[in-house]
Amino acid sequence: MEMKKTFRWMMGATALAVAVAVTSCSDDDDPQPDPDNGFVVNRDDLKGEITSGEVVLEEGTYKLTGALVVKENAKLVIKPGVIVEATALPANQFAAVRYIGISRGAQIDVQGTAANPVVFTAAEKKPGAWGGLVLCGAAPINKGETAQSEVGDLAYGGTNASDNSGSIKYLRIEYSGYSYNDEKEFNGVSFFGVGSATVIENIQVHEGSDDGFEWFGGTVNAKNLVVTNYSTEFVGDDLFDWTEGWTGSGENWYGIRTNDGNRGIEADNNSNNHLATPVSNPTIKNLTLIGNGAGGENHAIKLRVGTKGMFDNVVLSNWGTGFDVEHDEGILFVGDGSLKATGVKFDNVTKLSTGKNTAGTSVDISALFTENTNATGAGAGTAKPEWAGGWTVGLD
C-alpha cells in the first residue's frame, strides 16, 4: 500500500514538472514581461509602476491614463511606430498627471526609426496637455550627491559618470510640459543626473510648454535634437536649458520658436553656489537657434550663475541679443577662455552680446565669440537639417 502512494506521488511530481517546462517555453515566446513582475499592459489604461523584468510596448496606440514609472532594475522597451497618447486630465487632478518616468537604476529602450518613429502625444492638442519624459540616473550633480527630481519626486545623482539609463532613438514628444505651478513644471525631456552610457539620438519636442530639453547635472551626450514652438496661446519657456553641473555634449541641435517665448538656451551652474562642482561645462557643436525677434527674454543664449561651455559652428537668427552673460564667474570664464563660442553666424540679431557682473555693472564680453558668416549650424543654417527629414513635424 505504501509503495502505491509513493508511485502516485512521483507521477504527480513528474506531471507538474512537465507543466512548468511547457509554461516556461511558452513565456520565452511571449514578448510581454514575466508574469511575476505584476505589471499588466493595458492599451486603454497604461499607467502604474514597472517594478521588475522587461515590459514591451508593441505596435499600435496606448492610452496613457496616469504616471507610468519604471523602477530600479526594470526596463521599458518601445517598438518602432508605437504611439503613447496621454488622455485628457481633469482640472487640478495633480495625482493623476500623465508622464513617463525612468527611475535611477532603471532603463528605457525606444527603438524608433526615421521611417517609423515612436510618438508620445496627447489627446488634447495643446502645449502642457501632459507631463513628458523624465529620466533619472546616478551620474554626478552639484546639488548634493543625490536629490529629488522637480517632477515625479524620483531620486537622482550619484558618483557613476558612465551610468546607463538606456537608449532613445527617433522619438517625437508632442504637447508636453504640464505645470503644477510656476515652480514645478515638466519639460519635454528632463535629464536628471543621467550618465554618459545612455544613448540619446534623434528626439523632437513639438509644441511643448516650459523647456524643450533640460539637463540637471549628469554627463549624458545628446545628438540630433529638435525643438519647435509655434503656439501663441500657450507660450513655452526655453528651447534648451541646463543646470546643476551638466558636463556632457550636444551635437546637431535645431530650435525654432515663432511665439514670444523665452530664450534659445538658458544655461546655469548652481544658483545657490556659482562655483559648485562639478561645474556645468558642456560642449555644443552644430547649433541653430531661431527666434521671432520679440518677447520679454529675447536672448539666443543666456549664460549665468557660473556655467562654462564651449560652442562651435553656431547660427543665431532673429534675436534681440545673441549672447548674454551674467555674474562674476561667467565674466571670468569669458576672460580665461573656458566659456567660448567659435564660428558664429548672426542673422538679424539686434545686439551681438551683452555682459553684466554680479554687481550689475556692464562688462564687454565680445571676446566670448568669433564670427563665421559661412557657419552651417545644425546642418543647413536656418533651414531644416537633412538629418531631421522624415520623422519630425512642423519644419516643412
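I started at the end of helix α2, where G337 follows with a positive phi near 85°. Helices here are DSSP runs of H or I with at least four residues, strands are runs of E with at least two, and both are numbered from the N terminus.

Before going on, I noted the ground rules. This is a predicted model, so I kept in mind that local features need pLDDT of at least 70, that side-chain atom pairs count only at pLDDT 80 or more, and that totals for chains, interfaces and linings use all residues. Residues are numbered from 1 along each chain as its sequence is written, and side-chain values use heavy atoms, with hydrogens and water left out.

**Helix α2**

I stayed with α2, residues 328-336. Which of its residues are buried? I found E329, G330, I331, F333 and V334. Buried means under 20% relative accessible area, exposed over 50%, and partly exposed in between, with a 1.4 Å probe and protein chains only. Next I looked up what these residues pack against: β24 (309-326) and β25 (339-356).

**N221**

I moved to the loop between β17 (213-216) and β18 (222-229), which holds N221. Is N221 buried or partly exposed? With a relative accessible area of 33%, it is partly exposed. I then listed its contacts (heavy atoms within 4.5 Å). Leaving out residues up to four places away in sequence, N221 touches S196, T198, I200, G248 and S249. I also checked V199, which lies 22 residues from N221 along the chain; their C-alpha atoms are separated by 7.3 Å.

**Whole chain**

I counted two helices and 26 strands in the protein chain. Its C-alpha atoms fill a box of roughly 100 × 40 × 40 Å along the principal axes. Of the 396 residues, 54% count as buried. For contacts with a separation of 6 or more, I noted that 72% come from residues 24 or more positions apart.

The mean positions of the 29 positive and 51 negative charges are 4 Å apart. Lys and Arg count as positive, Asp and Glu as negative; His and the chain ends are not counted. Each charge is placed at NZ of Lys, CZ of Arg, CG of Asp or CD of Glu.

**Confidence**

Last, I read the pLDDT, the predictor's confidence in each residue from 0 to 100. The chain mean is 90, and 91% of residues reach 70 or more. Over residues 1-36 the pLDDT is below 50, and I noted eleven contacts of this stretch in the model beyond near neighbours in sequence.
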